[in-house]
Structure formats: structure tokens, C-alpha cells
Amino acid sequence: MRKIGWFEAVLIVLPIFLTGALLAAIISLFLVPTLAEIWESLLSEEMLFSLKLTMWTSSLSTALVFMVAVPTGYSLSRINFWGKSMVKAIIDLPIAFPELVLGLCLLLLFGNPVLQNFFGRLGFDFVFTKQGIVLAQFFTALPYAVRIIKSTFDYIPPRLEFVSRSLGYSMFETFLKVSLPLAKSGLLAATIIAFARSIGTFGTVLILAGGSYMQTEILPITLYLNISYGNMPMAITSGIILVIVSFIAILIFEKSEASI
Amino acid sequence: MSYLSVENLSINLGEFALKSLNLELDQGDYATIIGPTGSGKSILLECIIGFFTPEKGSIILEGRDIVNDLPEKRGIGIVYQDYALLPHLTVFQNIAYGLRKIKKNIIKGKVEDIAASLKIEHLLNRKPGTLSGGEQQRTALARSLVVNPRLLLMDEPFSALDPGTRKEIRQLLCDVIDKKCTTVIHVTHDMKDLWALADKAAILRQGKIIQCGAVRDVFERPVNKFVADFVGASFWEASVDAKSNGITNLKLGDFNIFSKDNAAQGEIVKVAVRPEEILLYNAPPDNLNGDNLFKTRVEKIKCEGDVWAVSVKIGDTKLLVNSTRNMMSGLYPKPGDTLYARIDTDHVRIVR
Ligand SMILES: Nc1ncnc2c1ncn2[C@@H]1O[C@H](COP(=O)(O)OP(=O)(O)OP(=O)(O)O)[C@@H](O)[C@H]1O
Ligand SMILES: [Mg+2]
């Protein structure tokens, strides 16, 4: 057998060990409750409510993220404007921010009477409401999507767009005919990550929308509430659903990454 | 009024600047721009097409200043070294990309025509990723030619191709351009492009055009030492000693050289000689017919495939000679040998 040095050995053993630990933790989630308990929790009124609310808030926030992140990512990739690096840093901030702090900031902003009044007249209310969930998910997921979309556009040679424009297509037409189709897999990846991130948003939702039972209760909140009541099967079932959804998302993400 | 005139074009990019650049082309001209790397050739093209905005100056195309027009309104085509084909479209769709607001069957006819003249008609259903470099470049050429651009810009279009493919595409391009009478600006490092395709050549150095004229003129009458080196000519300063019978006698260091070109006595002039217009002999030939003849010492000999580059010295003055294999085979010179260099008085050119 070929000899291997200690560093190479570490490089092989470490990721295997890490993956093993992580896998064990995830599997234990599936081992604790009985199948009957999981089934019962899954069909409980609370779980069905939470599942439904999670799905539609996450879908809505993902759609909003997509609509905002595509032009933003394109702008950051292609256009030079004054203060661009500042803008980039601020958009990225929520990635490093604790979710709770982001939630608090949003609460203070949208709970401000003047703003609340203004949005109220437009029919919006974000504080302790389902709309608040979408807003919280939106700001939490946005930076991830913007990052992926920006780097996707970075990979498309600007020359392709130049040629398109020299052949009579405006900047917007070129965006539709050249940039978007070539960014397809990156856009898919960004959407999936945004969706996975939205589903998992906890801290931001808890602070802005409040984690109230059967009101603003999405899956992570269900997990949290049921742990505090000591209802383990319910908590674990929401955990399992979250894991499965994220796993599917990551699988699709890896696939679309590979095809970029 | 020229078809295209670039006037006082200036742009400052910090380390690099185009300095009040001027360029004029007539309709149907095929102009090449040559110059060392980093001299601003690509930037000049990007200014003309509109991806760089110059700080000063105008670009007048068919009598109208287009310097503030959007790129898509200029009707100027561009071909890059790396083809820039749209990977998600087929060859047909790539070529048809610029044909808009035209009936489907007319588009089909136009695409098939241009594809046939560039010999890519069998590739129309393929994706660019599956084509060879030469096929991709022919597709890119078809795409920009099919719309009949008012002006076609090419930035080293053949640099990524092997010599054989280059030659073939050059010929195809030449035929299409002749037929369509397209006005072209072609940036290149390959002198073969100049001879095969161009009417005019412009030499760019550090953001300035230092000579622009007919290709032959630039090669035969370089305006300064830099251009002479670039096009491979020998170049000296000389003073006019005497004139008689239409022959100008020029004093050049420690020897004299005769030229048919005119100059006033006492004038200080520049003299250029092309290396391929010099003949080398082992012994002085009998029948000189009034040509210049110099006794030279061989400094260096290099075979460059089809030609021999021989560097000789007349006294202390260096002279470059390009000779064919045939002509060299009788001589077998070695460094240090004595050879006689013969230059027709027609080929000693006085440059102003
Ligand atoms: N966006 C830019 N900002 C600042 N400097 C630039 C920019 N683009 C190019 N330059 C500089 O301008 C100079 C001219 O560049 P250009 O690409 O026109 O050279 P070129 O003549 O086409 O060279 P080559 O033969 O290598 O293609 C170079 O020194 C380059 O570094
Ligand atoms: Mg260049």
C-alpha cells in the first residue's frame, strides 16, 4: 500500500469523523419517538396548522426574495456605482448577524408608530402577525440569495452581453435574452437556498412575529414551543420535517451547483 | 467628409490614456490596427462600439456624432478573439440573433446564405460548445456580418487559431467582405492579416496613432524608428550630400547611399529600406545598373522557415536582410564573412 503522511491522514479522518458525528445526531432524531407517536403528532391540529403556515409563508418570502435578489445580484455584479462596497456589506450583514438581533431591529423599525401607521393604511401590519413572518423570512434569506446570484452573474462573461447589445438589443432585452438564461442553474440554487433558509428562520420570526400558538406558529416555533411544554414527540416531528425539507433542498442545490 | 472619423478621442484610465486620437476611414475601407501589447487597441475599439465612454472627442459615423449613442443604436458589429458565442443557443440561433423584426423565412434565407459563404451550413443545428475554434470563429463572423453592420470591429479575431485555420478563414472572410463591401477595423498582431486583408494600417503606440496609411506605405515608408522596427525595416537619419540626374546622394555615417526620391541639398532626412528588397552576393556583381552596392560583414544569421534573416554591418551601421532559402543556398555565410549587399535606388526611400 502507498504510504501516507500524517497531514494527509488528518485530512482524510477529520471530515469522516465530522460527518459521522453529524449523521449520528440526525439519526437520533429519528430513533427517539415511535412511528405511532410521529404519525399522531404529524396529524395533530397544531402540526397541520404549522406545516401549512410554514409552507405558504416560505413560498411567499422565497418569491419576494427572488424578485429582489435577481436585479440586486445583477447590479452588484455588473454596475459600478458610488458606495457599492458599502451596499454589499450591508446586504450581507444578516448572514453574520444573530437572527434575534435582526428580529429586534425589524421590530423596532416596523413597530415604530409612524411606519406602522403608514403600512397600516396600505393594509400591512408586520408586528406579531403572519405578514411579519414573511418579512422576517425575507430579510433572513435575502443575503444568501443575493450572494449566489451575484457570483452566478460574475461567471457570465460580459462580452456575451456586449455582443448582444452590439446586435441591437437594449440592456434590458439583453438581460432577458442572455444573462437570465445563462444564470438558470444559479437562480435555481438561489431559490432553493432561500426557501430552505426561510423555512428554518426562527429567531427573527420569534421576535418580529411573536411565537404565539396557532397564530404565528411555523415549524421552528412548533419545535421550540413543544420543547418548552415537554411534548417531545411534537418537537421531534417538526425537527424531522425540517431536516427532510433541508435535505431535499441541499440535494437539489448540489445538483444545480454542479451544472453551473 | 470621411465615412468614419474619430476626432481627438481622449480617455484617461489612470495608468493608461488615449491621447487625442484621430482616425479616418472611407466607406469600404479595411483598416488594421497594429501596435505593441497595452498600446490601447482594444480600448479604442470599445470606445467606438460604446462600451467605454471617452472623456473628450467625437466619433462621426456617416456624418453623425455617435459618441453619446447607446451601443445598440450604433449599428456597429464586433468580433472577439474568444468568439463570445451564446452557449445556450444553436449556431443557427446565434447567427440569426441580430436579425429582428424580419419574417421567419427571410431570416432563414439570410442565415443559410452567410453560413454557406463561411462554410458552416452543416453546423447550423449544433451548440457552440461542440464546435472547434475555427468553426466557432466562423459562426461569430457570420453573426456579425449577417446584419450588414455599418462598421465591423474585430479584436484579434484569429489569435486563438492555428496557422492553417487562420489562412482558410482569412480567405473566406476576404471574399465575404469584398462582396458586402463592409467597412472594417481589424486589430491584429499578425502581419499576414495586413497583407491578405487590409487596405490601410494604423500603428498605435501608448494611446496615440503614430502612422496611418496604405499598408504598403507603412511598410515601405515608416515615419520613425519605432514604426520601422515594428514593420521590420532598416531606418536611418541621413543628410543630402548632392543631387544629380534625379538621384539623391545621401550621407549616412561613414558611407553614402543613393536614392531616386527627391530631397533638397543639405536637408536632414530619414531613410528606410525593406529587408526583402536587398540582394546578397559572395562577390561584387558585374552588372550594377546604378544600384547601391555595399561591402558588409555578416553578424547573425537566422532561419525563419521560409526566409533567412541575415543581419549585416556596413562599417558600424546595421542592415537587416531577408533572403529566400534559394538565394542563400549558394552563399552559405557564417558570422564574420564578407558579403556584398545590393540595393536598388528605387528601394532606398526618403521618408517625411
Ligand atoms: N478598465 C481599465 N482601467 C484601467 N486601465 C485599463 C482598463 N482596461 C485596460 N486598461 C489598460 O489600458 C492599456 C491598454 O489596454 P488594451 O486592452 O487596449 O491594450 P491592447 O493594445 O489591446 O493590448 P493587447 O495587444 O495585449 O490586446 C493596458 O495597459 C491596460 O492595462
Ligand atoms: Mg487587446
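This is a predicted model: local features need pLDDT of at least 70, side-chain atom pairs count only at pLDDT 80 or more; totals for chains, interfaces and linings use all residues.
Let's start with the ligand. Which residues come nearest to ligand 1? Of the 13 residues around it, those are B:Thr37, B:Gly38, B:Lys41, B:Ser42 and B:His189. Sorted by class, the shell has six polar residues, five nonpolar ones and two charged ones.

Now for some distances to oxygen atoms of the ligand. B:Lys41 places a polar side-chain atom 2.7 Å from an oxygen atom of ligand 1. The backbone takes part as well: a backbone N or O atom of B:Gly40 lies 3.0 Å from a ligand oxygen, and for B:Ile43 a backbone N or O atom also lies 3.0 Å from an oxygen of ligand 1. How much of the ligand does the protein cover? On its own, ligand 1 has 640 Å² of accessible area, and the protein covers 59% of that.

On to the sheet. Six strands of chain B form an open sheet with mixed pairing, and the order is β6-β7-β8-β3-β9-β10. At the edges sit β6 (76-80) and β10 (208-214) of chain B, each pairing on one side only. Ignoring direction, neighbouring strands are turned by 15 degrees against each other on average.

Within that sheet, let me pick out β3 (residues 30-34) and β9 (residues 200-205) of chain B, which run parallel and are joined by four bridges. Here B:Ala31 stands opposite B:Lys200 in β9(B).

Finally, a helix: α4 (residues 133-145) of chain B lies across β6 and β7 (151-155) of chain B, and runs at about 175 degrees to β6(B).

Terms used. Residues are numbered from 1 along each chain as its sequence is written. Chains are lettered from A and ligands numbered from 1 in the order in which they are written. Side-chain values use heavy atoms; hydrogens and water are left out. A residue is near a molecule or strand if one of its heavy atoms lies within 4 Å of it. A polar contact is a pair of N or O atoms within 3.5 Å; within protein, one must be able to donate a hydrogen and the other to accept it, and residues adjacent in sequence count only if both atoms are side-chain atoms. Accessible areas come from the Shrake-Rupley method with a 1.4 Å probe; for residues, only the protein chains shown count as cover. Ala, Val, Leu, Ile, Met, Phe, Trp, Tyr, Cys and Pro count as nonpolar, Asp, Glu, Lys and Arg as charged, and the others, Gly among them, as polar. Two strands pair if DSSP finds at least two bridges between them. Helices (H or I, at least four residues) and strands (E, at least two) are DSSP runs, numbered from the N terminus. Axes are lines fitted to C-alpha atoms, for helices over the stretch in contact, and angles run from 0 to 180 degrees between N-to-C directions. Contact means heavy atoms within 4.5 Å.
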